[in-house]
Amino acid sequence: MDSKKIRNTFLDFFGNKGHKIVPSSSMVVKDDPTLMFTNAGMNQFKDVFLGNIKPSNKRVADTQKCLRVSGKHNDLDEVGVDTYHHTMFEMLGNWSFGDYFKKDAINWAWELLVDVYGVDKERLYVTVFGGDAKAGLGSDAEAIDYWKKHISTKRILPFDRKDNFWEMGDIGPCGPCSEIHVDLREEKERAAIDGKTLVNIGHPEVIEIWNLVFIEYSRLSNGKLEPLPEKHIDTGMGFERLCMVLQGKKSNYDTDIFQPVIKELEKHCNNVYGADEKTDIAIRVIADHLRAVSFSIADGQLPFREGAGYVIRRILRRAVRYGYSFLELKHPFIYQLVPVLVEQLGSQFPELISQQKLITKVIKDEELSFLRTLEKGMKKLVDVNTAISGKFAFELYDTFGFPVDLTQLIASEKSLEVDLEGFAVEMEKQKTRARKDGEMEMEDWVVVHKGEKPAFVGYEMNEAEVKILKYRKVISKGLATYHLLFDRTPFYAESGGQVGDSGLIQSADEKIEVLDTQKENNLWIHMVKDLPLDLSASFLAKIDLSRRRLTEKNHSATHLMHAALREVLGLHVEQKGSLVHPDYLRFDFSHFEKVGVKELKEIEHLVNEKIKENIVLETKVVPIEDAKNMGAMALFGEKYGDIVRVVIFSEEYSIELCGGTHVEETKQIEAFKIISESSIAAGVRRIEAVTAEKALSTIDNQKIMMEKLLADIQAATKYGIEIEMEDSVNEITSSQLKDKIALARKVLGHIDDLKIPEQLKFKKDLLSGGLNEKDLEERIQAYLSLNSNLNKYLNKLVQKYSAILREDLKDKITATDGVNTIAEKISGLDADSLKNIALQLRKEIDNAFIMLGGEDEGKVFLALAISESLIESRSLNAAEIIREIASEIKGGGGGQPFFATAGGSNADGLPVAFKKALLHL
């Protein structure tokens, strides 16, 4: 049975048992502070288990994309080393929300595995909760009785709380569980050793295949268990392991889930899978990690330097390292495996097909970047010839992504030791820092008034009479705040990119500031610094209306811009993230090249046209299938139910699924202005923009900047007219040169004072108003050409003047005791020109001691050049002499024995400086 049929058989089986088959939720988790990624099939139903929402269907089944690489569910180190752990995996599951319980869950699990899939029941073992005296819990006798109808009591194995009591977290829903294990060993091995002795000890061929969780308690923060008002079933079966069992394999990687990718990888690395354990591990790591990274990118989580993005980057880099170290793959290769993965899983997970181009580009760019980083790390190790300290090994790991085993491998080739204990100390320090940064102490909810899930009334109301249903105390980084839950609320909780509302609640006796509103497991959490004195009172909850209105303008503008991006750039544009703030909006989207100035202007113009059209907002609450049929775009990273809210700004222009708040008509946005466009990752661009007063003031400022730039370019052109640049400098007489140089420098000085280059850094921002890009470019090019020609002209003048001065200075040589001395003050040239003259004379004159001084725009300078022969015969040192005489011009200097310079501010000191210098001869 191939993997596709295995998956469909599971879904069809539970569909026939009255379960609704639901799609997998995103592997990237939003609106849950306790999770980065979906790590179990139950995650998307967490709100149901917590009692925050009532399920629309009491029986559900699906296959869920999961990722386990952080927190207590961290399988990363085992992945590839063994044959059955994975980072990304599919979890087949069936759920009952207050409907059937242990009897049906156990009976159906047995029916599917034995009667439908045909698994040999003699190879199966089941584990049950054996009780916990400390917790006051006995063994799960009910589950044992149901299992006895299917399997020998010898194969029903009791285990403790660690193995057979499932908990969502330190607090919350929990209950006993019953796991089904399968023995895949050969008959001879099974006869020699009883399989029940190998259950739960990590044997690679006696493995857990399905976990049936019976959720019947809630654990409080003090550790006590409370019975839940409704009992639930949560089961999870590892799809990859199931395929291994049904396809008669001893490794998940031998199934048709992984083999197509492995076969393709063999072509790239010229290795055969199964021939060598080290290369086999590398191939398994890459095959697994390709899936984790590709699904994460498809679900919107790009590799990044922090948070969830860092987890994905770490997975990808682990795959690159294994290819680099064990398969001799020193070039990007993982991205070339993406088409095989898409072919294999795209029919079940269409997001892989729609995002294939983005996935490929992101992985390739990340590979290139990390390979460069690896090379830098390798260079650091090349020069090491002593034992490698734990601190240095950790630096390589933390900064360059070197695993310590790779450092050991390279060190062993040089017969060097690595201080692994010291490395472990540094690693623990980092973990301790991370734990402290993330420490949060959350007390149990305290109920004030009983009530159902709070209603959000913020679409229609800016203030409302509310009661506090419950509250809890939270301590984060030593600071205490309180979370309040109201019976209803006008406060919008942060989601869909829109920030949460702030405001206040007030009673007859007091006012309490609401700092922020967040959504947690579908609850609206209002954060306050202080608890009200009378928690049972009624309060008037009022949002900060000014802040909300600004946020709404930016949110509605985001919808208008999203549609404009697709119209101008193409339908490949998809949202990859957003932030809607009162001060600005930020929008991340898929696009594979820089958005040009012309395109940005077109996008900006289109949005402003829609604002002027004064489109009236239309919202509809409809079944999700109806919304899709309308052509509504789903916003990135959002979790949608069966009934959704559709936000429409003209059915011909913008239709999106959105729970956020918006302007009633587009003219309220007033104006829209893009302030930046940049890259945030391979294939993902970011636009930041402002609306309303900020947009208008930005436009005004940019017009002012533009007018200044144009005026300054015009002034530069006028300055240029003051000087007539001759085609041939050779025709200028020596008596004219000094004046010509002074005039050219004066003109260039005036142009420099305009600081046009600094203004040109904002060229893109300046393209607003009436001037188009072509006109601006023509004026800029005219300025650049003028500046270039003036500098070339000045250089020619200086070269000619310098050549004449050198000849004049040669005529002023004083020959004394075998030393050819020049000591002269020169006017009309800058310090660099003076330096060049001194060095050139040193080349042309034997036994030269050349002391030149000058003054230019209040700056005084000296240059001293000495022939090598005098340095040797008379022990002269230009640097020492210049440091001694620099004080005469109120300055300082230095250099080398053959040449040194000084700068100062006192031109009257030049004659004394000359005399002091000559005393050294």
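Asn200 is placed in the loop between helix H6 (187-192) and strand E10 (206-219), where helices (H or I, at least four residues) and strands (E, at least two) are DSSP runs numbered from the N terminus. The phi angle of Asn200 is near 65 degrees, a positive value in a residue other than glycine. This is a predicted model, in which local features need pLDDT of at least 70 and side-chain atom pairs count only at pLDDT 80 or more, while totals for chains, interfaces and linings use all residues. Residues are numbered from 1 along each chain as its sequence is written, and side-chain values use heavy atoms, with hydrogens and water left out.

Glu328 also has a positive phi in a residue other than glycine, near 60 degrees. Its loop runs between helix H10 (307-326) and helix H11 (338-345).

| Residue and relative accessible area | Class |
|---|---|
| Asn200, 29% | Asn200: partly exposed |
| Glu328, 57% | Glu328: exposed |
| Lys673, 4% | Lys673: buried |

Lys673 belongs to strand E28 (residues 672-681). Its side chain is joined to that of Glu604 by a polar contact of 3.1 Å; such a contact is a pair of N or O atoms within 3.5 Å, and within protein one must be able to donate a hydrogen and the other to accept it, with residues adjacent in sequence counting only if both atoms are side-chain atoms.

For the whole chain, the secondary structure amounts to 28 helices and 35 strands. The chain is more spread out than a compact globule, because its radius of gyration is 38 Å, well over the 29 Å that the globule rule gives for 921 residues. That radius is taken over C-alpha atoms, and the rule is 2.2 Å times the number of residues to the power 0.38. The C-alpha trace spans about 120 × 75 × 55 Å along its principal axes.

Of the 921 residues, 52% count as buried. Among contacts (heavy atoms within 4.5 Å) between residues at least 6 apart in sequence, 69% join residues at least 24 apart. Carbon and sulfur atoms hold 48% of the accessible surface of the chain, which comes to about 42500 Å² by the Shrake-Rupley method with a 1.4 Å probe.

How values were computed
Buried < 20%, exposed > 50% of the residue type's maximum accessible area, 1.4 Å probe, protein only.
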